[in-house]
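Me: I would like to learn how to read a few features of a protein model. Please take them one at a time.

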Amino acid sequence: MGNTVRESMQNFAVSQALKYIEGNPEENIPKLMALVDKFTPTDWYATQRDAIRNVIEEKNNWYQLILKIYDLDPGVRKAFFQNFLFNASLKGSSIQDETTQAEGCNVPWAILLDPTSACNLHCTGCWAAEYGHKLNLSLEDIDSIVRQGKQLGTYMYIYTGGEPLVRKNDLIRLCEMHPDCEFLSFTNGTLIDEAFCQEMLRVKNFVPAISLEGFEEANDSRRGEGVYQKVAHAMELLKAHHLPFGISTCYTSRNWEDISSEKFFDYMIDNGAMFCWFFHYMPVGNSAVTELLPTPEQREAVYHRIRAFRQTKPIFTMDFQNDAEYVGGCIAGGRRYLHINAKGDVEPCVFIHYSNANIHEVSLLDALKSPLFMAYHDQQPFNENMLRPCPMLENPEKLRQMVAETGAVNTDYESPESADHLCDKTTPYAENWKETADKLWHGCSGCSGCQQGV
């Protein structure tokens, strides 16, 4: 069977399944799962299917989250299912695997890119600020990246910055140009208004992840006075228009209690957020405030709290530093994602500002085969303890080595930072965290919850 025919049949099957659920999701979702089991190979995504089946049978908090999807605008919901679940996660993953085998390099599930380095805020500890505020990827640049990415099987694109919504019109245009892709944007939320909500409803494949650092005092102490209220208004608008959105929060030594509290989880859920990405503070840049690094005790508390609420709250959460076990360690270097900054430098990670390749000079595939990316490919995972996944934060000797051996250059154009200077800041942290990480890892590794991804 040719790929075109197979893809047409798969698209038809997805379309029919979605129509089947629409009429009565609570009644038909369990029936659909039975049909999936009947007509798919026994070993096809078996672990994931078992987890979904348990969710449906138990009607737990995850089931409530599934039903919340049916509160979304129908057109947006259909685009999400098609683009995220089918194109990016099923069809795309298959193409990525084939390309990886053929080319011998990592191929990303998602590409993060900076449309601009400009921002209307100046937040304490923001790694993006080091790029300066005058760099941009043109509409043509981003279109080329997406076209190249789709050839490799990548249908998920995530905007960082700077503040991506400074480029609202171009971002909407890219949604129109690539209706088969899902676009997510990290944003401070202050530029989301009624007109932009209407544009999101029109194109259907754009999802904001709003930065929020806790409640008003904690958030505005880092982002500026009045930002918290502007974020609250943005969430109110998105919820009223039945649009999907999530929260992105960076936990530090100062706000960790806020962002891991039940009150904060309930606040996000009550305001309509469907997911939350938790990021550990990274001391990137010469002026980074190392005092914001969480202590081992604070990080462990966040670890336990997020996992506990994952069992009871209807919101999807991912703690990118403490959840590496679910994805086999570090996902950077193209293994699951990469980052392209506003000047076009192709970096292994949003926090690792070193590169051998620029997208204006080489193809995306060639960038994935550049020395630094191949060093990632050859050395991942960087630690058998998945609570110590990062080559910069928990294994700084790895980043020092890779940058030195590959000749990668720093991409900070305002105040270049050597890998040694960066890793000197994280070495004490790595040493302090090791004992706690080993205790947690050997205490939880292999449990049934880990195997089910919960």
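Me: What should I know before starting?

Reply: This is a predicted model, in which local features need pLDDT of at least 70 and side-chain atom pairs count only at pLDDT 80 or more, while totals for chains, interfaces and linings use all residues. Residues are numbered from 1 along each chain as its sequence is written, and side-chain values use heavy atoms, with hydrogens and water left out.

Me: How many aromatic pairs does a search of the whole structure find?

Reply: A pair of aromatic rings is described by the distance of the centres and the angle of the planes. Rings of Phe, Tyr and Trp (its six-membered ring) pair if their centres lie within 6.5 Å; planes under 30 degrees apart count as stacked, over 60 as edge-to-face and the rest as tilted. The search finds 19 aromatic pairs here. In one of them, the ring centres of Phe215 and Phe264 are 5.7 Å apart and the planes are at 90 degrees, so this pair is edge-to-face.

Me: Where do Phe215 and Phe264 lie?

Reply: Helices (H or I, at least four residues) and strands (E, at least two) are DSSP runs, numbered from the N terminus. Phe215 is in the loop between β4 (206-211) and α9 (216-223), and Phe264 is in helix α12 (residues 262-270), so the pair ties together parts 49 residues apart in sequence. Both Phe215 and Phe264 are buried, where buried means under 20% relative accessible area, exposed over 50%, and partly exposed in between (1.4 Å probe, protein chains only).

Me: How many disulfides are there?

Reply: A disulfide is a pair of cysteine sulfur atoms within 2.5 Å. By this rule the count is zero. The sulfur of Cys175 has its closest cysteine sulfur in Cys181, 9.4 Å away, too far for a bond. Cys390 is in no disulfide either, as the nearest cysteine sulfur, that of Cys330, is 6.3 Å away. Cys175 is buried, with a relative accessible area of 2%, and Cys390 counts as buried at 12%.

Me: Which residues of helix α16 are buried?

Reply: An α-helix has 3.6 residues a turn, so residues three or four places apart point the same way. In α16 (residues 396-406), the buried residues are Pro396, Leu399, Met402, Val403 and Thr406. These cover an arc of only 125 degrees around the axis, which puts them on the same side of α16; the arc is that of the directions from the helix axis to the C-beta atoms. Ala404 and Glu405, on the other side of α16, are exposed.
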